[in-house]
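I opened a notebook page for this structure.

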Amino acid sequence: MKAVIIGAGIGGMSTAIALTRIGWEVEVYEQVVENKPVGAAISVWSNGVKVMNYLGLGEQIAELGGRLEAMAYRWMDGRTMCDFSLEPVTLQTGQRPYPVARAELQAMLMRAWGVEKIRFGMRMVDVVSEDDHASASFENGEVATGDIVIAADGARSLARDYVTELVVGRPLERRYAGYTNFNTLVDIDEAVGPADHWTTYIGEGKRVSVMPVAGNRFYTFFDVVQPAGLPYERSRAKDVLTEHFGHWAEPVRHLIGQLDPQMVNRVEIFDMDPFDTWVRGRVALLGDSAHNTTPDIGQGGCSAMEDAVVLAIALQTNTLGVQDALQRYAQARVERAGELVLRARKRCDVTHGADPAVTQAWYDELWDEDGTRVIAGIVGNIVGNPLG
């Protein structure tokens, strides 16, 4: 049996490894000419790490991960609101989470499957499901054919329009979440936050975070509430962030001063209303193409990893044909993935001041937080994953 996978991101490569492990022939096609992930890092929570363990990559993900022992919130003037251990996450889920540099995670997955086998520079222009096969056509005129096509082609998925058109009748639209995320990697500096903490400064519906990744580095991001489509020049990153955070605490201003503008990514944050049509014949959606989410609960990449495992299990264990197995994959994933999208949207709105009264109530709670409520929220996103 042969699978054609469109997209060599985290979801696509996790799927390539998972299907290869159950004996499928796999081809992977990626439109970019080299590995350039969007975003500096990613939170791989316990459910995502369990997928890596399942794929035989537990040691590799641990090597890439930062040692995250605790979490702290600080008010924008620098005062500590709360500071608590994240050990309960590990104890309650059975697995330590790891923040990792996104490019390093993606490169590790590519190496594990075989980066030399990935067809880069292949932009898909069409996908079709037939009775006995599915095919993807590319801009250069090539056509890839397999028993199934797995579309891990991202938030702006072309395949999504094909899969949903018979049910929805129109392209599904993404929704701007109301804020822009500026992110990068910097050397760990304990003037900003402890080396083993996820430290977040909050106020005014904005936030600034640092969390450790391997190599003595912090992943850092700044959330700015602003309209979509504003003009931006990368060289002005420090100026833009100073405009929004220049009156915040000295550690935040110090962090801005340490940035290399050419290394700062700027990402306008979108999501999509959950939908339940993930499969059309022998073509199936996976990852952001199926459940585009905001990063506010750190579950976007983890959810794509979960997709990969569930898909492999469905294809390995169901015997009524691949079309039936794809439908069972979708049935197993639609509800959980959609719920995570909506949880992330809710957290996004609270964090970024969609309703100022609700955001203020959250601020007030954090001054008395002992970790119980935050831990419960993190664990609540992890439980219910396909690996327990």
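I took rings of Phe, Tyr and Trp (its six-membered ring) as a pair if their centres lie within 6.5 Å; planes under 30 degrees apart are stacked, over 60 edge-to-face, and the rest tilted. The model is predicted, so I noted its limits: local features need pLDDT of at least 70, side-chain atom pairs count only at pLDDT 80 or more, and totals for chains, interfaces and linings use all residues. Residues are numbered from 1 along each chain as its sequence is written, and side-chain values use heavy atoms, without hydrogens and water.

**Rings.** I searched the whole structure and got 12 aromatic pairs. F245 and W248 are edge-to-face, because their ring centres are 4.9 Å apart and their planes stand at 90 degrees. I then looked up burial (buried is under 20% relative accessible area, exposed over 50%, partly exposed in between; 1.4 Å probe, protein chains only). F245 is buried at 0%. W248 is buried too, at 1%. Elsewhere I found a cluster: ring pairs link Y73, W75, W362, Y363 and W367.

**Charges over rings.** I counted NZ of Lys or CZ of Arg within 6 Å of the ring centre and within 35 degrees of the ring normal. R347 has its charged end over the ring of W362, 5.3 Å from the centre. K117 lies over the face of W113, 4.2 Å from the ring centre.

**Helix α6.** This helix (a DSSP run of H or I, at least four residues, numbered from the N terminus) spans residues 158-168 and holds L166. I found L166 exposed, at 66% relative accessibility.

Notes:
Helices (H or I, at least four residues) and strands (E, at least two) are DSSP runs, numbered from the N terminus.
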